[in-house]
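Trainee: Hi! Could you walk me through this one in plain words?
Mentor: Happy to, let's take a look together.

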Amino acid sequence: MFGSGVRGAAVAAVFLAGLAVSCDAEPPTPGAAPSASSASAAASAAATPSPSSAPGSSAPSPAAPPASGGPGASALPGSPPEKVRDAFAGLQATLDDSCTPSGCAYFLGRVYEELHGLDAAMKADPKGPGHFPEPIALIAKLDAELGGDRSFKNLKEHQTLLIGTRDKINTWMQGHPDDYR
């Protein structure tokens, strides 16, 4: 009789410990378990400083992560760009945002990323880049003005051009509803 009570208590303790551990853990996501090769690649990537972490880097600050439609948004390297309608939806999502003191770096970085995600989508669209001449030209003009410098300081200096480019492309796309609906 005494032995079965101890066993029952031990089983209950193990069950409760497992429950406590599982409640604290994040639910697993499909494909989230790293393989040995991806774990070693991640370790070597962590050991090698990225260009954005180098002093004097022109990459956006950590406060400006890649946005949903930006070039860094694809799940797998080499995967096709978004569809034009999806990339345009990401750009439109920035229309109600603004450059607030606490979120200006994020906002400007997001607008930049959304514009370039749309640019990639337009260039990869089956209709061809010639179907989107004005938006592609506007983004090329923006890039020429930025001179490859995506730092917050440079984006802030060119904020009017950046936001104006977004707004002009939004207006152009509104006149071409077949391209995003």
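This is a predicted model: local features need pLDDT of at least 70, side-chain atom pairs count only at pLDDT 80 or more; totals for chains, interfaces and linings use all residues.

Mentor: Residues are numbered from 1 along each chain as its sequence is written, and side-chain values use heavy atoms, with hydrogens and water left out.

Trainee: Is C104 buried or exposed?
Mentor: C104 is buried, at a relative accessible area of 5%. Buried means under 20% relative accessible area, exposed means over 50%, and partly exposed is in between, using a 1.4 Å probe and protein chains only. C99 has 21% relative accessibility, so C99 counts as partly exposed.

Trainee: Got it. Switching topic: how many helices and strands are there in the protein?
Mentor: Seven helices and zero strands. Both are DSSP runs numbered from the N terminus: helices are H or I with at least four residues, strands are E with at least two.

Trainee: How do helix 5 and helix 7 cross?
Mentor: The axes of helix 5 (residues 133–146) and helix 7 (residues 159–174) come within 9 Å and cross at roughly 175 degrees. Therefore helix 5 is roughly antiparallel to helix 7. Axes here are lines fitted to C-alpha atoms, for helices over the stretch in contact, and angles run from 0 to 180 degrees between N-to-C directions. Under 35 degrees counts as roughly parallel, over 145 as roughly antiparallel, 65 to 115 as roughly perpendicular, and the rest as oblique.

Trainee: Which residues make the contact?
Mentor: Among them are L138, I139 and L142 of helix 5, and L161, I169 and W172 of helix 7. Contact means heavy atoms within 4.5 Å.

Trainee: Last one: where is S151 found?
Mentor: S151 sits in the loop between helix 5 and helix 6 (152–157). With 14% relative accessibility, S151 counts as buried. The side chains of S151 and D149 are joined by a polar contact of 2.8 Å. A polar contact is a pair of N or O atoms within 3.5 Å; within protein, one must be able to donate a hydrogen and the other to accept it, and residues adjacent in sequence count only if both atoms are side-chain atoms.
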